[in-house]
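Here is a short tour of a two-chain model, written for someone who likes to know the cut-offs behind each term. Have the viewer ready and follow along.

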Amino acid sequence: MPQMTDERVRAGMNREEDPSLLHEVSMKTAGVSHLEMCIQCGTCGGSCPVAMDMEHTPRMLFAMLRAGMREEVLRSNTPWLCVSCYHCVVRCPQEVHIADVMYTLKGMAIKAKLYSDSTAPHFSQTFVDMVEAYGRSYEMGLASRHYLRHFPLRLPSMMPMGLGMITKGRMTITPKKIKHLDQLKSILHRAKQLELTS
Amino acid sequence: MNKYLLYPGCSMDSSAKAYMESLNEILEPLNLHLEEIKDWNCCGATEYLGINLIPAYSLIARNLALAAKQMNPVNGTGGTRTVVAPCSACYLNLAKADYYMQERPTLGAKVNEALAAGGLEYKAGTLDVRHLIDVLVYDVGLDTIRSKVVRPLSGLKVVPYMGCMLPRPDYQHRWSDHEHPTELDDLLRALGADVIDYPLTTECCGGHMTQIGPETAFELIRRLVADADERGAQMMVTVCPMCQMNIDAYQNEANHFFGTNYHMPILFFTQLMGLAFGKEPGDLGIGVELVSARNALANIGVEVPVTQEPAAPRKKDEGLPMPRRWTKHEGRKEAVK
């Protein structure tokens, strides 16, 4: 372990560094991520419609990845705020698959239990639970479970909207199931085993 | 006859059923035949990709595998390798899985290993995945569409709202531009509508943020609606169920949050096509939107049948004590006023 100098401490480098992090994230990302090619130009953060609410812009997050700051990266709210609008992706001069890297980081944060706000991970998990149970999304079940758990105080102001959706036939009370649910379940079961070994 | 495979997606028979109803109405005049993929499943939206990679892509690929099986009917002619998705998120997921399974062959191999557990397989690149408006503009053609117009929409001021997931990332280079595509503008002009230039046309509606970070979502909705309003639009026109849902169903909550009073209806482009083709508003799902398009359509002499309105919100402040509004940052609300 190298001796800590005052400079290193001031620069925030007195933490465990993890040189394999960048490679790990890149390999776990779908497609060829080009993450290693980032030139820190900042086009991503400047293009992002929700950058104002992010703890780190994508550029900063990628610098932290390169610096091996695993815990800080996985605790960041940035991937959870990404709205997948792909503005940064089409503008990135290095063609980094930024939105897909954000998906990877969400998955890693869930596995490491390092997210700071559970609203988004719970929503994703509830959505996935419904899809795995029925093969289709089930808005009524999703909305009621999610709002009761995370936004109980929002329910009164949501009532006119929810009622409107139901009376106008835009939300069904019961879930719709696919016919070959067993087939889908076998596929997903095998896929999860493959996920663990990859 | 133009024949395609259809991947409807979950919202087409629930929140966006108006999209499906109006699509069914315009198929016959345009001589289009859409064959639904049998037993398709949810594409996972933007949620599954953030949890597990291989299961997420396997979920999407099951649909591609089923479509490929249906591609060439054993008896009968007119097979097709084109899958049409009317929802932008479904379109992107299907296109993305097809593209990444080729770009990263190891991903393709693993997904196929998972599919094999269900007796399926999919060779990436077998199918063409396209969005509905792509097929209407580039296969059917604007001239054909123009020739079917019996009730031009002149006098109806609309902003075309393409949304974000349709023109981006655009793996197969299908669109005129990534940020300012003109396909929807051109189509609406062919219907005779007064199309207003809308620079925010591919800005995000917030996607799932209305569910997990409402304050962030309300700001995105406000930008879109405020700009459409300032430009004098009577309605927004969309190609995506998610965009329609966010702008329509959450506009009221966003109004509460910012202390604004916008009333900006948003309809699907297929509903306007149906109107221009002379169909009845009731058959096109017009009237199920929560921000009513009745006044906007009255400008062009279209009468929308009255449907049941949602319960009126509580008007009086007195009465039982109610919980404080859930908004966390009162500051931003003040700043925007």
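In this predicted model, Ile187(A), Arg190(A), Ala191(A) and Leu194(A) of α12(A) meet Lys110(B), Glu113(B), Ala114(B) and Leu115(B) of α4(B). Two residues count as in contact if their C-beta atoms, placed from the backbone, lie within 7 Å. Helices here are DSSP runs of H or I with at least four residues, strands are runs of E with at least two, and both are numbered from the N terminus.

A word on conventions: residues are numbered from 1 along each chain as its sequence is written, while chains are lettered from A and ligands numbered from 1 in the order in which they are written. Because the model is predicted, local features need pLDDT of at least 70 and side-chain atom pairs count only at pLDDT 80 or more, whereas totals for chains, interfaces and linings use all residues.

The axes of α12(A) and helix α4 (residues 105-116) of chain B come within 7 Å and cross at roughly 140°, which makes α12(A) oblique to α4(B). Helix α12 (residues 181-197) of chain A also meets helix α2 (residues 53-70) of chain B, with axes that come within 8 Å and cross at roughly 150°. That angle makes α12(A) roughly antiparallel to α2(B). On the α12(A) side this contact is made by Leu184(A), Ile187(A), Leu188(A), Ala191(A), Lys192(A), Leu194(A) and Glu195(A); on the α2(B) side the residues are Leu53(B), Ile54(B), Pro55(B), Ser58(B), Leu59(B) and Arg62(B).

The crossing with α4(B) is right-handed, and the crossing with α2(B) is right-handed too. Axes are lines fitted to C-alpha atoms, for helices over the stretch in contact, and angles run from 0 to 180 degrees between N-to-C directions. Angles under 35 degrees count as roughly parallel, over 145 as roughly antiparallel, 65 to 115 as roughly perpendicular and the rest as oblique. A crossing is left-handed if the near helix is turned anticlockwise from the far one by less than a right angle, and right-handed if clockwise.

**Chain A as a whole**

Chain A has 12 helices and zero strands. Its C-alpha trace spans about 65 × 40 × 35 Å along its principal axes. Buried residues make up 36% of the 198 residues in chain A; a residue is buried if 20 or more other C-beta atoms lie within 10 Å of its own, exposed if 12 or fewer, and partly exposed in between. Among contacts in chain A between residues at least 6 apart in sequence, 61% join residues at least 24 apart.

**Strands in chain B**

An open sheet of four strands runs in the order β2-β1-β3-β4 (chain B), with parallel pairing. Its edge strands are β2 (32-36) and β4 (128-131) of chain B, each pairing on one side only, and the twist averages 40° from one strand to the next. Helix α5 (residues 132-147) of chain B lies across β1 (2-6), β2, β3 and β4 of chain B, at about 95° to β4(B).

Two strands pair if DSSP finds at least two bridges between them.

| Pair | Bridges | Facing residues |
|---|---|---|
| β1(B) and β3(B) | two bridges | Leu5(B) and Val83(B) |
| β3(B) and β4(B) | four bridges | Val84(B) and Arg130(B) |
| β5(B) and β6(B) | two bridges | Val158(B) and Val195(B) |
| β5(B) and β7(B) | four bridges | Tyr161(B) and Thr238(B) |

Strand β5 (residues 157-161) of chain B is mostly covered, with four of its five residues buried. Together with helix α6 (residues 183-190) of chain B and β6(B), β5(B) makes a right-handed β-α-β unit; right-handed means that, with the strands pointing away from the viewer, the path from the first strand over the helix to the second runs clockwise.

**A covered helix**

Helix α1 (residues 17-27) of chain B is also mostly covered: eight of its 11 residues are buried, among them Tyr19(B), Met20(B) and Leu23(B). The cover over these buried residues includes α9 (241-249), β8 (266-268) and α11 (269-276) of chain B.
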